[in-house]
Amino acid sequence: MEKIFNKKYIDQKLLVNDYFVGLINDFSNNNKKKIESLSQQIVDNAVSYKGGSSFSKLIHEFSLTSNEGVVLMCLAEALLRIPDSATINDLIEDKIPVGDWNKYIKNDKDIFVNISSIAFLLTGKIVEEKSEENKNILVKMVKNLSGPLLRNAIKQAINILAKQFVFESDIKKAIKYSDEKKYNKYTFSFDMLGEAAVTYEDSERYYNQYEEAILETGKSLYPEKKSISIKLSSLHPRYERNKLKLLTKELFPKVYKLTELARENKVDICFDAEESDRLNLSLFIFKDIIESKLIDKNYHGFGFAVQAYQKRTYFLLDWLQDYLKNINKKINIRLVKGAYWDTEIKIAQENGLEDYPVFTKKFATDISYLSCAHKLLENKNIFSQFATHNAHSIAYIKTLFENTEFEFQKLHGMGDEIYSLLEKDSDFKCRVYAPVGGYKDLLPYLVRRLLENGANTSFIHQLKSKDLKKDKLIQSPLLKLDKLEDNNIPKPIEIYGDRKNSKGFDLSEENIIQKLKFEKILSNINAFSIINGEDVKCHKKTDIISPNNSKVLGVKYFADIKIVDKGIDYLKDFSSTWKNFPTKDKSKIILKFADLIEENSKEIIEICAQESGKSIKNSIAEIREAVDFCRYYSKEANIIFKDQILKGPTGENNKYKMLGKGLTLVISPWNFPVAIFIGQTIAALITGNVVLTKPAEQSSYAAYYIIKLLLKAGLPKNAIALLLGEGELIANKVINDKKLKNVLFTGSLETAKIIQSNLQKKESITNFIAETGGLNCMIVDSSALPEHVVKDVINSGFDSAGQRCSACRILCVEENIYEKIKNILIGAMKTQHVGDPSELSTDIGPVIDKQAYNKIKKHINSFKKIHQFKIKNDLGYFISPTLIEIEKLNDLKEEIFGPVVHIVKYKASKLEELVDDINELGFGLTLGIHSRIDKTIDKIVSKAEVGNIYINRNMIGAVVGVQPFGGFAKSGTGPKAGGPEYLKRLCYEQSISNNTAAMGGNASLLSEVED
Ligand SMILES: Cc1cc2nc3c(=O)[nH]c(=O)nc-3n(C[C@H](O)[C@H](O)[C@H](O)COP(=O)(O)OP(=O)(O)OC[C@H]3O[C@@H](n4cnc5c(N)ncnc54)[C@H](O)[C@@H]3O)c2cc1C
């Protein structure tokens, strides 16, 4: 299987040219006419097809790129699930005026397009008073409709849209309906609607639905004409590669039982293909099932879907060929192109992956589909199922499989016009993928279908397009090979253009998982201060204790006053040299340092996990942030350190430039022992300041390791001094030094204020940048998607054991969905694994030390309505994720730095007061908003006094140069870390005006002027 795994990021050009073209070229050329002619007939027939679904007509009417298409998507996604009328009204009012619905009202007879258009138009009219008087008689008739009627009209329209995709609301009805005469040419695969489970309760519910579906299908009139489609992600709330051990215990048996049931009832089952990072995991499961006794010559109804847009699929099919032959078993394979393309691209960019797991050219996906079909044809142990609505793909496959058994598959509510021609063939075999379930579960599916069908590259969309170009539509994808080069989607590492994105780790891949196995615990490590490039030994020794298990990892040596003095002296002597060191040379060192961090990332992850209790995922995020800081600040420094010539009167030269200030003290926290430590230190260095850097006592070894790397990258040894030890002692000494110019601090508000008052006592004014904490809130209104909110709260509140200054501390939920959100959140908390951070499967590690542990415990115990689960580990400082119900915001007085989220209810009518109350807390760091209503979002944004606002996403993990980070008021002074103003604050500005006429007059003026 390695052959599959290591092809995830294979170059698409190489794959297409070296593997695909040779495989399909001859067949394609030899059958060109036949394929073209059949494609042409399919398209001609589709264009003149009369009985098209209402959905097709809708697609024809509304392009996704138009305002109306987007509005339709937003409404479809949110409208049906909002519980209260006030919010439904707000949503409609918010979205409808965006569209020019009037132009969609037509005189043709299609009731659907008209109903929806009219409904939108009407509402648009009523909520948008200023719009032009409508001439249409229908509009006049209903212009005076009341609010509830309008709501119903819109709901009705969306319901009609939804109905296009839901086959039936339950399995019994679906079976009955599928047996109706009008479907006698088709077979069915029932998709029990339901998306990824968030809680164990969800997964139980979905499991029971699948069980019922198999049993009912088995009992039905023609079971051989029906099958069941299953989504693995709906059977377990943590269907992730890093949870393999847990899934082996909890998910594998479920899949086994369902397959057993399917076998007993002679029902075919097919597992859907999901995101590419689930592929390995799904293969482990499928392999187990195929090799079990369930699959034999009496039952080969087991199958799964594979996606041609994934580069690995060809290799997967190649592997299946030998594998199935060797074990002599038969299965079904459904070949699809893939439904998550946009998500795959986003994930790869966010995670800094080496390339995309999917093709970035649509025609490459099409060629891959054909190549995979050839692979399937070669495999005698597979029954092939081709799920596509693309006329060329269909014609090609029909020609290729002329003498071989296979079937086509289509989605319910789509592609009727495409298959209507083939229906006439005597050997026609097509299975309809038929979603079964309530509208509530339909929404994510519906959005995927709308996206897929509305996309410009989609075959169905182009077929329905008003400027349909038939020739282009049925063209062989091989004709576009010369376009493989011009790629308009940059590789994930290149998305920033002027600097490299930091490299991530693909934690779903086997080789990375192997690489990140930490078998032994760090031992006998020593952390020293570093002055003049050398380790400084001293008497003050303290054990380095791991918060994971209280084990002693080694020793750290804390500096005394004399050592601090020595450090300051070396720095001061070198200050002027460093200030005048060319920026491009400084930059070279910092970029080299960034590369060294990436090269040594495994060691750094190990240190973070063992010294600071950070999970592997969080440690990787630290490293990436640190690398981004280096590259971003380096790029910015090259901009701001360019001398500028300013315009002025003739005869003088006016120059404006930046200069490093001098001695700088950097004090960084334990919660980001790598990212913040490096970010602050590098910012000060690259601006020409000599830096005395003091990390938190708890993360001394990480700092020692990092400064060694920085020196290795070529930093002159006296540009930096690392001083380990007690903050008070070191900071007081440095602050008293006359030459001190900057203090960069990240930590508690309390300490920031002490530093500030000490600085105030000084004769000169020292620049002080402080980043402190926050009582961060997330506001969730009733238009929000509860499952999405819960995922974001789990991330924002509990990740890093809640030890982030940006973490969500208070979740403010609109009263109508309060209970629902609370219950799903409690369910999702049960899925979090608290434990050893060196294990990939761990979600939440320990808090940093005993003191922190005791403080958080005391806080939790002071409340009554607590939701928490027992955890087993007693050796480290572990705290189970905790939800505390509070009555009002100011039940919470201070920031609690742990995995604790407080939840409070608010009334929609009191939203503005809520934002006032949040402001009143006096912090201003981060704020999360979950709402589908732009006006609500705008209202909150315009009132909120916070530095970072996150909308419909989690509220942590600010990316350098993308979301500059830092808050207002009690949360810090600014400027924002990773933002365009940060470096400037660390510099002096200098203006030099030179009277060039003083020596020898204004010769240049005289020579420039002509008569
Ligand atoms: C019966 C059935 C079952 C299905 N089951 C699954 C499933 O289990 N898992 C799943 O993911 N999908 C599934 N799908 C959805 C399926 O992936 C889409 O319907 C399919 O991609 C549409 O393909 P097409 O040939 O009809 O359309 P076409 O319009 O010819 O192709 C669309 C494909 O091109 C891709 N594409 C678009 N732009 C680009 C680009 N720039 N670069 C590369 N590729 C691009 C799209 O992502 C999509 O995959 C199923 C579909 C059917 C009919």
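**Sheets, buried residues and a pocket in a predicted model**

Strand E22 is largely enclosed by the rest of the structure, because 5 of its 5 residues are buried (buried being under 20% relative accessible area, exposed over 50% and partly exposed in between, with a 1.4 Å probe and protein chains only). From E22, Ile-810, Cys-812 and Glu-814 point one way, while Leu-811 and Val-813 point the other way, and all are buried. The model is predicted, so that local features need pLDDT of at least 70 and side-chain atom pairs count only at pLDDT 80 or more, whereas totals for chains, interfaces and linings use all residues. Residues are numbered from 1 along each chain as its sequence is written, and side-chain values use heavy atoms, with hydrogens and water left out. Helices (H or I, at least four residues) and strands (E, at least two) are DSSP runs numbered from the N terminus.

E22 belongs to an open sheet of 7 strands in the order E23-E24-E25-E22-E21-E27-E28, with mixed pairing; two strands are taken to pair if DSSP finds at least two bridges between them. Strand E23 (866-867) and strand E28 (948-951) stand at the edges with a single partner strand each, so one side of each is left without a neighbour in the sheet. Strand E21 (residues 777-780) is joined to E22 (residues 810-814) by 4 bridges in the parallel sense. Within this pairing, Ile-810 of E22 is the bridge partner of Cys-777. Helix H32 (residues 786-798) packs on the sheet, where it touches E21, E22, strand E24 (882-885), strand E25 (900-906) and strand E27 (926-930), and its direction makes about 140° with that of E25. Helix H35 (residues 911-920) also packs on the sheet, touching E21, E22, E25 and E27, at about 175° to the direction of E21. Such angles run from 0 to 180 degrees between N-to-C directions, the axes being lines fitted to C-alpha atoms, for helices over the stretch in contact.

The loop between H32 and E22 contains Ala-807, which counts as buried at 0% relative accessibility. Apart from its neighbours within four places in sequence, Ala-807 is in contact with Asn-776, Ser-796, Gly-802, Met-955 and Ile-956 (contact meaning heavy atoms within 4.5 Å). Ala-807 and Cys-777 are 30 residues apart in sequence, with a C-alpha to C-alpha distance of 8.7 Å. Cys-777 is itself buried, with a relative accessible area of 1%. The closest cysteine sulfur to that of Cys-777 belongs to Cys-812, at 4.4 Å, too far for a bond. A search of the whole structure finds 0 disulfides, a disulfide being a pair of cysteine sulfur atoms within 2.5 Å. Cys-805 is likewise in no disulfide, the nearest cysteine sulfur, that of Cys-808, being 14 Å away; Cys-805 counts as buried at 10% relative accessibility.

Gln-832 lies in the loop between helix H33 (815-829) and helix H34 (850-861). The residue is buried, with a relative accessible area of 16%. Beyond its neighbours within four places in sequence, Gln-832 is in contact with Arg-238, Ile-794, Asp-843, Ile-844 and Pro-881.

Another open sheet is formed by 3 strands in the order E9-E13-E12, with mixed pairing. Its edge strands, E9 (525-527) and E12 (541-545), each pair on one side only. The twist averages 30° from one strand to the next. E9 and strand E13 (residues 552-557) run parallel and are joined by 3 bridges, and Asn-526 stands opposite Val-555 in E13. Helix H29 (residues 700-712) packs on this sheet, touching E9, E12 and E13, with its direction at about 80° to that of E9.

The second largest pocket holds about 1400 Å³ of space. A pocket is an open set of points on a 1 Å grid over the protein atoms alone, where a 1.4 Å probe fits, with protein on both sides within 12 Å along at least five of seven lines; lining residues have an atom within 4 Å of a point. Grid points are joined across faces, edges and corners, and the volume is the space filled by probe spheres set on the points. Of the 42 residues lining the second largest pocket, Trp-670, Gly-747, Ser-748, Glu-750 and Thr-751 are the closest to its centre. Helix H30 (727-735), strand E19 (740-746), helix H31 (749-760) and H34 each supply at least two residues of this lining, and H31 gives the most, with 6 residues.
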